[in-house]
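Subject: Structure handover

Hello,

Please find the structure below, followed by notes on what was found in it.

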Amino acid sequence: EHFRNASKACLSRMLKDKGKCRSRTKSLQIYSEGVANYLKHWTIALPISAEQARHKWLSLAARDDSSFSGLTSCARQVDRLALAGYRLTGEVLGGDSAEVGSLAMWSVPEGSPPLVADSIFNMYLVPVFVESHKKKPALSMVDLFVDIVLGHLETLRGLVKTGTLHIDLYVGKLEPLGASNQGDTLADDIASLRPYTFSWSNVIDYFELPKFHDLARHLSQHGDAMHSAYSMNWFAEVFGVSIGDHLLGTPTLNPVSHLGMIFAPPSSPEARKKLQEVNVFLDKLTSSHDTALKAGGLDTLFSIPYFTTPINTLGWSLAAAMYPKWLDHFYAQASTAKMTHCKRTPANMGLERAAEAEQVLTICPLQDSTCAVYMTWGYDPQLKFAL
């Protein structure tokens, strides 16, 4: 009922402001037809039962081969049992006392996009769980997630109640500069707000990098702006992340139509020698990767190496070795010589990278994207990150 009342309040505010522009900009609007349709639906929809919700959740998990594989890498029995329960039911709070399923998840307007399997562990990087485990070692990883989320929500609620934090939500579509007048107007309006933080999610995967930096610099024209983003597709652009990249010129890998590649025995002494050299290289690489995972404290929660296929282990190890090269490529595309449309000011013509500790590759068997690269940077020459 609290969720229904919140939906009514949000809808009332949105409808009241329909057609108005309450922000300091010309193009940002509070009203969104798509969001309003969801809110209207939630004010009248009835929730499904907890049993129905569990069946729906399990049917989603059944379509995802990786839904249960990650828990086999958990070092502690308490985590394996808790994760099995979560994967089977989708529940983190209700447990046996739950009577209905989530209204927001299972009761949606007709024509809504289909649901896909998801995981609570996609919300936080694995070091967050490692640090929380140090403080509360008796809790399972599912309970740690609940503890982390409730703590963050309580902090947010306190800031809102005291008036320290005010939140406005607006709808807009950013495009590369020069793609449309509407997109350029929106970019100018956002820049006029003088924002000092930008969280891009994985938008960079959908932009040509020079055009992305052109837009990001334009938005940062007043300076003192910090940007953060992550890429899930970076490894598609880097030679050396695939094991096949290291076996070129040998018959050890054969293409087989749409099935990709399968291993075949070496057919010559030269090929066997090349394969032996590659194996030595990969052994050293995976050993180095395992050492790095243990240094980060991941062995307190997971078995190292992770319990997975050799191809996954090699892929993760290669990604860990190669992602700094892609980071260099990402920042090289921010060259001011490639800027074509952004407004140039003394406050956005630099490039400052955060410390290497902030440019991270997350590899966690519980997450859907196990090789996402996270980065933090700014364009203001006066902006300095603490080392």
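**A buried serine**

Ser132 counts as buried because its relative accessibility is 14% (buried means under 20% relative accessible area, exposed over 50%, partly exposed in between, with a 1.4 Å probe and protein chains only). This is a predicted model, in which local features need pLDDT of at least 70 and side-chain atom pairs count only at pLDDT 80 or more, while totals for chains, interfaces and linings use all residues. Residues are numbered from 1 along each chain as its sequence is written, and side-chain values use heavy atoms, with hydrogens and water left out.

Ser132 sits in helix α6 (residues 126-135); helices (H or I, at least four residues) are DSSP runs, numbered from the N terminus. Apart from neighbours within four places in sequence, Ser132 is in contact with Leu144 and Ile148, where contact means heavy atoms within 4.5 Å.

**Helix packing**

α3 and α4 pack at an angle of about 100 degrees, and their axes are 6 Å apart. Axes are lines fitted to C-alpha atoms, for helices over the stretch in contact, and angles run from 0 to 180 degrees between N-to-C directions. α3 and α4 are therefore roughly perpendicular to each other (65 to 115 degrees; under 35 is roughly parallel, over 145 roughly antiparallel and the rest oblique). On the α3 side, Arg54, Trp57, Leu58 and Ala61 meet Tyr86, Arg87, Leu88 and Thr89 of α4. By class, this contact of α3 with α4 has five nonpolar, one polar and two charged residues. Ala, Val, Leu, Ile, Met, Phe, Trp, Tyr, Cys and Pro count as nonpolar, Asp, Glu, Lys and Arg as charged, and the others, Gly among them, as polar.

Helix α8 (residues 181-192) packs with helix α9 (residues 209-219) at about 40 degrees, with axes 8 Å apart, and the two are therefore oblique to each other. α8 brings Ala187, Asp188, Ile190 and Ala191 to the contact, and α9 brings Leu215, His218 and Leu219.

**The largest pocket**

The largest pocket is lined by 32 residues, and Gly90, Ser102, Leu103, Ala104 and Met105 lie nearest its centre. A pocket is an open set of points on a 1 Å grid over the protein atoms alone, where a 1.4 Å probe fits, with protein on both sides within 12 Å along at least five of seven lines; lining residues have an atom within 4 Å of a point. α7 gives the most to this lining, with five residues. The lining of the largest pocket comprises 21 nonpolar, six polar and five charged residues.

Regards
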